[in-house]
Amino acid sequence: MRVTFPHMGNLWIVVKTVLEDLGLDVVVPPRPSRQSLEAGVRHAPEFACFPLKLNIGDFVGALAKGAEAIVMAGGIGPCRFGHYAQVEAQVLHDLGHDVEMVVLEPPRGHAGEFWAKVRYLTGGKPLRRVIGALRFGWEKLKALDDLDRALVAVRPIELARGAAATAHRRAVALLDAAADRAGVRRRLSEGLEAIGGAAAETEHGPEGWPVLEVGVVGEIFMILEPFANQEIERRLGELGVHVRRALYLSDWVRTHLLPAATQPARRRRAKAVREAARPYLSHFVGGEGLESVGEAILCDLGGCDGVVQVAPFTCMPEIVAASLLPEVGRDLGLPVLSLFLDEHTGEAGLQTRLEAFVDLLRRRRAARRTPAARVCGTSAGRRRGRLRQWLCGAST
Amino acid sequence: MALGACQLEEGAVVGLPRALLFYELYPFWKALFEKLGLRIAVSGPTSRDVIEAGIREAADEACLPVKAFYGHVMALRGKVDTVFLPRLVSLKGGTYTCPKLLGLPDMIRHNVGRLPRVIIAEVDETKPGKGLMAAGLSLARRLGRAPGRARAASAAALEALGVFRAGIWSGRPFEEAAGWLGPRDSGVGSGGEGAAGRDGSHIEPREVARAAEPVRVGLVGHAYNLFDPGVNLDLPRKLARLGCGMVTSEALTEKQVEAESSTRPKEIFWSSGRRVLAAATHFRRGKEVDGIIHVVSFGCGPDSMIGEIAERETRRTSDLPYMLLTIDEHTAEAGLVTRLEAFVDMLERRRARGLGPAGSGREGAAGPAMTAAVDRGENSA
C-alpha cells in the first residue's frame, strides 16, 4: 500500500521518517504551489477554509504519483478540521479516486480504535517498533523546529539577503536524510552553526534599524505552512523583524499528544495562555482561538513590539480571536494586525500591509526608548503589571 | 469569566436578543425567567437597522446571523435591566454548536459599548451536569432564588421546551410553536418596518397554470436562518407566494435525526449540521419533496462542509434538485427572487414531466409508482 499525507510546513519530513521507518511505501506530495492550489480550488468546496483546498491539491498531486491510501488527522470539533477527512474523501471519490483514508483521531468509543488503525496501517508491527519510529520522528521534529528558530533569529541581521535561508534549506535537506537519532543530533548542531554563520556581527537590521520583535499567532496550519501564509516569516524577517512564532509543531505535540505528566513546562505555558486570555475570552472555542488571544498577551509581556495574527478566511475560532484582539491591543497598547488569507490574497497587498505595520512599530519604538518604559503609569501599564504578577505564579 | 452572582429584583426586565439559538431555546428561557419572577423583553424583528448596527460593531469576518445578534443586543440597550447572553457550547451530547457561539458572550462584552449588566449562562451537554437543566438551576441560584423554586422553574422551563419542540417537529411555524400570541413585531427596540423582509419588497402572487398539487420544497438550514425573516429575506413567505409547499429540517424529530445520523461512519459533531444532513437524507429517501434548498450564511464554517456533503450525496444518489442559497448582508432581494423563481419553475416543469416525488399518492402526481420507474430509468441512462 502506497500511502500519502497532506503537507503542513516541515511536517512531511517527520511523517515520511516515521512511516518509512515502519516499512511503508510513502509518496510525499509535491510541495504546495500555484499549480496544486489551482487543483485544490477547482475541486474543493468554494467556502471551505483554505487548508482544505491545499489538502486537496496535495492529494491530487500525490495520487498522480501513484498513492493508494491517505493518512489524515481528524478531530472531534468544533473546528471544521475534524470533518476534513469526510469532505475530502467525497471530493476525491467524485473525482474518480476511490482512495482509502486512514483517519487518526481521538477515539470516540475506546482507545483500542486508535491502536487498531495504527496496527492496520503498519501491517501489525509490534508496538515497540511503532514507538521506536515515533521517537525517531520526534527527534527530527525537535531538530527541525530548532533550525526554524535559528532562521528567524538570524534573518533580520543576515550578512547577505537570503544567506540564512540558504543555510537553513541545506541543513533541512541533510536532516531529512539522517538515518538515526545520533545523526539527527549531529546534523542539527552543524546546521545551527551554518545558519549562525550567516549572521552579521551587529544587533541592527537592514539600514541600521533596531531589530523589532513581532509575535505571530493564529491558526496552526497557517502559521506552519509558508506557502499558505505567503512566507510571512521571510517577509517580516527581511523587514528587520525577529519573528516569535507562538506555535511550533513540537510544542503542539508536547501539549496535545505527549503524556501531560512528562511535560510540566508545556502545561504551565498552556495554563498561562488560558489565564492571560481569561479577561477577554474565558472558554475554549476550538482550533487555536483561545491560544491566539492568550499568546498575543504573553507576546506583549515578553516585550514584543507587535503581534500579527494569521488565519484562513472564514476560520471560526480565529474570528472569535480577531473580535477580541483589537480590545487586547487597546488595553495593552499593543499593535495587532489580523490577516485572513486565502487563494484570493494578493502578494503585493500583503507586502504593503506588512511594510506599513512594521513602519508603525518602528516609529513607536523610536518614540519610546525601551518597550518597558512605554506604559509607565498608564492604565495599560497597571493592567499589565497585575497580569504579570499573576503569571509569575503560573509560569516560570 | 466567572459566572458570578447577579442579584435581580422580582419584576426586573431581562432582555433576550432575538437571534441565533433564540430560535431553538426561547420557550425555555421565557418559562425559566418568568418562573423566577423576572419579566422578559425580546428585541424586535431583524430589520435593516438592526443588521447595520451589528455590522458596525462585529468583526468583518463574522457571519450575518452573528452580526444580527450584535444588532439585537444593541437594540436592547437602555430598554432592559440586564441582557441575557447564553454561552451555548452544546445542546446535545457529542455535538457542539459553533466556535463563534462558544465565544459570543465574550465578543459581545468586549465589542459592544454602553452595555447594561449581562447575565451569562453556560449550556454544555457534552459534560455531565452542565446541560440545560443545570444551567437553569445555576442561573436561579446566582439570581438568589431558593433551591425549591429553582428546581420548579427549571423543570417548568424544560417542559415548555418539550412542548415547543413537539410543535416544531409537527411542522408548525416558529411563532406558533413558541406560543407567540401577539403580533410578530411585539418586541422592544424594534427598528424598521418589521418582518416584511429587509427591503420591505414583496412578490406578487403569480398567476400561472400549475399542477393541481403545489410543488414541495425541503428547506434545510440552521433554525435561525429558516425562522428569521430579517436574515433570510423572508424566504419562506416568498416561496409560499410562488405557490410552494414547504417542509423544514427543523420539522424532523430528534428520533428521525438520530436514525439518519447513526448510519454514518463518523457522526457530524455540529448539532445543526447533523440535523441538516439528516434532513437532506430523509427528504431524499422519503421522496416527499420536489427539491431541496439549503439556506446558508456566507462564511458559515459548518455549512461549508455540511452543504458540500449534502449536495454531493444528493447528486450521487438521486436526481433531486438541490440549491445552495448563500445569504449575507449584501444579498439583494431581486437576485434572490430570480433564483427562487427559476428553481420553482424547474420543479414545476419536472412535476409536469412526471418527475415529482414518487410514492406520495397525492392527487395530481400521475401514476406515482410509474413515475419512480421513469425516474430511475432516466438516471441510469
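1. Among contacts in chain B between residues at least 6 apart in sequence, what percentage join residues at least 24 apart? In this predicted model, the share of such contacts in chain B that join residues at least 24 apart is 74%. The secondary structure of chain B consists of 14 helices and 8 strands, and 60% of its 381 residues count as buried. The accessible surface of chain B is about 14,500 Å², with 53% of that area belonging to carbon and sulfur atoms.

2. The interface between the two chains comes next. On the side of chain A, 40 residues are in contact with 37 residues of chain B, and together the chains bury about 3,500 Å², of which 66% is on carbon and sulfur atoms. The polar part of the interface includes 17 residue pairs in polar contact, both residues being at pLDDT 80 or more, and the count of salt bridges between chain A and chain B is 3. One of these salt bridges joins Asp94(A) to Arg316(B), with the closest N and O atoms 2.9 Å apart. Helix H4 (84-94) and helix H14 of chain A each supply at least two residues of the side of chain A that touches chain B.

3. Over all chains, a search of the whole structure finds 51 salt bridges. Within chain A, the side chains of Arg181(A) and Glu139(A) meet in a salt bridge at 3.8 Å, N to O. Arg181(A) lies in helix H8 (residues 181-197) and Glu139(A) in helix H6 of chain A, so this pair ties together parts that are 42 residues apart in sequence. The two partners can be set side by side in terms of accessibility: Arg181(A) counts as partly exposed because its relative accessibility is 32%, whereas Glu139(A), with a relative accessible area of 11%, is buried.

4. In chain B, a salt bridge is formed by the side chains of Arg145(B) and Glu10(B), at 3.9 Å from N to O. This pair links distant parts of the chain, since Arg145(B) is in the loop between helix H5 (132-142) and helix H6 (147-169) of chain B, while Glu10(B) is in the segment before strand S1 (13-16), 135 residues apart. Arg145(B) counts as buried, its relative accessibility being 11%.

5. Another salt bridge of chain B deserves a look together with its surroundings. Glu254(B) pairs with Arg274(B), the closest N and O atoms being 3.3 Å apart, and the pair links helix H10 (residues 254-261) to helix H11 (residues 271-286) of chain B, the two residues being 20 apart. Glu254(B) is partly exposed, with a relative accessible area of 27%, whereas Arg274(B) is buried at 3%. Both belong to a network of salt bridges that also links Lys92(B), Glu258(B), Glu267(B) and Arg275(B).

6. Which loop of chain A holds Cys315(A)? Cys315(A) is found in the loop between strand S7 (306-312) and helix H14 (316-332) of chain A, and Thr314(A) is found in the loop between S7 and H14 as well. Cys315(A) counts as buried because its relative accessibility is 7%, under the 20% cut-off, and Thr314(A) also counts as buried, at 2%. Leaving aside residues up to four places away in sequence, Cys315(A) touches Arg80(A), Glu219(A) and Phe340(A). Thr314(A) has a positive phi of about 70 degrees although it is not a glycine.

7. The peptide bond from Gly77(A) to Pro78(A) is cis, with omega near 0 degrees, and Pro78(A) lies in the loop between strand S3 (69-73) and H4 of chain A. In chain B, Asp234(B) has a positive phi near 60 degrees, although this residue is not a glycine; Asp234(B) lies in the loop between helix H8 (223-226) and helix H9 (235-241) and is buried, with a relative accessible area of 6%.

8. Lastly, a surface feature of chain A: Trp115(A), Leu127(A) and Ile131(A) make a nonpolar surface patch of about 270 Å². Leu127(A) is in helix H6 (residues 127-154) of chain A and counts as partly exposed, at 47% relative accessibility.

Technical notes: Residues are numbered from 1 along each chain as its sequence is written. Chains are lettered from A and ligands numbered from 1 in the order in which they are written. Side-chain values use heavy atoms; hydrogens and water are left out. Helices (H or I, at least four residues) and strands (E, at least two) are DSSP runs, numbered from the N terminus. Buried means under 20% relative accessible area, exposed over 50%, partly exposed in between (1.4 Å probe, protein chains only). Contact means heavy atoms within 4.5 Å. Patches are made of residues with over 30% relative accessible area and no salt bridge: like charges are joined within 9 Å, nonpolar side chains (Val, Leu, Ile, Met, Phe, Trp, Tyr) within 5 Å. Accessible areas come from the Shrake-Rupley method with a 1.4 Å probe; for residues, only the protein chains shown count as cover. A salt bridge is a side-chain nitrogen of Lys or Arg within 4 Å of a carboxyl oxygen of Asp or Glu. Buried area is the accessible area (1.4 Å probe) that two parts lose on being put together, summed over both. A polar contact is a pair of N or O atoms within 3.5 Å; within protein, one must be able to donate a hydrogen and the other to accept it, and residues adjacent in sequence count only if both atoms are side-chain atoms.
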